[in-house]
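Visitor: I would like to learn how to read a helical model feature by feature. Please give the general idea each time, then the case at hand.

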Amino acid sequence: MIIGHRPGAAKMATSKRAAQSDRIVDAALELADERGWADVRLHQIAERAGLSLAEVRGQFRDQDAVANAWFARALIALVAAPPDDIADRRPPERLHAVMMRWFDALAPHRETTAQMLQAKLYLSHPHHWVPLIFELSRLIHWFLDAARIASTGRARQLAEVGLTAIFLATLRIWLRDDSMDCDRTRRYLRRRLAAADRWLNRLA
C-alpha cells in the first residue's frame with residue numbers, strides 16, 4: 001500500500017517555518033533596540049525567540065541574513081498595495097508613494113535599521129559589499145515596477161541610475177529624521193522627485 005502525505009501537511013510545514021522565521025526576526029529587533037545591533041549574538045536571538053541555536057541556523061546562515069529578512073519585510077510592504085491606489089497619479093507622485101511605503105515599513109526600528117546598514121559596510125565585511133550592490137539594484141527596480149514606470153532598455157538604465165541617486169540621498173535624510181511621521185523625509189523626497197519630473201515623465 002502506498003501511503004501518501006497528509007492533506008495540507010506541506011502547507012502546515014511552510015506556515016510553521018514562516019512563523020518561526022518571524023519569531024527570530026522579531027527577537028533580533030527587540031534585542032537590537034535594547035543593546036544595539038553590533039552587540040546582538042545569534043545565541044541571544046535564539047534564547048529570546050524560545051528556540052534552539054540549531055533552529056535559528058536552520059532558518060538563517062548568519063546574523064546578516066536576519067537583517068536581510070527584516071529588509072525583505074519592507075519589500076513586501078512596498079508591493080502589497082494594489083496598483084489602482086496610484087494609477088491616476090503622475091510618475092513622481094507614484095514613486096513618492098511606493099518609496100515611502102518602504103521607509104515607513106522600516107520606521108518602527110529606524111535606529112536598528114541604520115546599524116544593520118552600517119554593519120554591512122564594515123571594512124571587515126567585504127563579502128557583504130557586492131551583494132549589497134545587487135540588492136540595491138533590485139530594490140530600485142521594484143520601486144520602478146511598483147510605481148508602474150514601464151521604461152525599457154537604455155531608458156530603464158537611466159531611470160535606475162537617477163532613482164538610485166535620489167534614493168541614497170533620501171536614505172541619508174531618513175536615517176537622521178526624528179520629525180513626526182518622518183515628515184522631513186517625505187518633503188525632501190517629494191522635492192527631489194519633483195526636480196526629476198521631466199525625465200521621469202519621459203520614462204513612464
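Visitor: Is H96 buried or exposed?

Guide: Buried means under 20% relative accessible area, exposed over 50%, and partly exposed in between (1.4 Å probe, protein chains only). H96 has a relative accessible area of 8%, so the residue counts as buried. This is a predicted model, in which local features need pLDDT of at least 70 and side-chain atom pairs count only at pLDDT 80 or more, while totals for chains, interfaces and linings use all residues. Residues are numbered from 1 along each chain as its sequence is written, and side-chain values use heavy atoms, with hydrogens and water left out.

Visitor: Where does H96 sit, and which residues does H96 touch?

Guide: H96 is in helix α5; helices (H or I, at least four residues) and strands (E, at least two) are DSSP runs, numbered from the N terminus. Contact means heavy atoms within 4.5 Å. Not counting residues up to four places away in sequence, H96 touches R186, L189, R190 and L193.

Visitor: How many helices and strands does the protein have?

Guide: The count is 10 helices and zero strands. Of the 204 residues, 42% count as buried. Among contacts between residues at least 6 apart in sequence, 66% join residues at least 24 apart.

Visitor: Which residues touch the most other members of the largest nonpolar core?

Guide: A nonpolar core is a set of buried Ala, Val, Leu, Ile, Met, Phe, Trp, Tyr and Cys residues joined through side-chain atoms within 4.5 Å. The largest one here has 52 residues, and L95, V98, W102, F143 and F167 touch the most other members. Elements giving two or more residues to this core are α1 (9-35), α2, α4 (63-80), α5 (91-106), α6 (110-120), α7 (126-146), α8 (153-175) and α9 (183-195). Take F143: leaving aside neighbours within four places in sequence, F143 is in contact with L78, L95, V98, M99, W102, L163 and F167.

Visitor: How much space lies in the largest pocket?

Guide: Rolling a probe the size of a water molecule over the atoms shows where empty space is left. On a 1 Å grid over the protein atoms alone, a pocket is an open set of points where a 1.4 Å probe fits, with protein on both sides within 12 Å along at least five of seven lines; lining residues have an atom within 4 Å of a point. Grid points are joined across faces, edges and corners, and a volume is the space filled by probe spheres set on the points. For the largest pocket that space is about 660 Å³. The lining has 22 residues, and L117, L132, E135, L136 and L139 are the closest to the centre.

Visitor: Which helices supply the lining of the largest pocket, and what kinds of residue are in the lining?

Guide: At least two residues each come from α4, α6, α7 and α8, with α7 giving the largest share, seven residues. Ala, Val, Leu, Ile, Met, Phe, Trp, Tyr, Cys and Pro count as nonpolar, Asp, Glu, Lys and Arg as charged, and the others, Gly among them, as polar. By that scheme the lining divides into 16 nonpolar, two polar and four charged residues.
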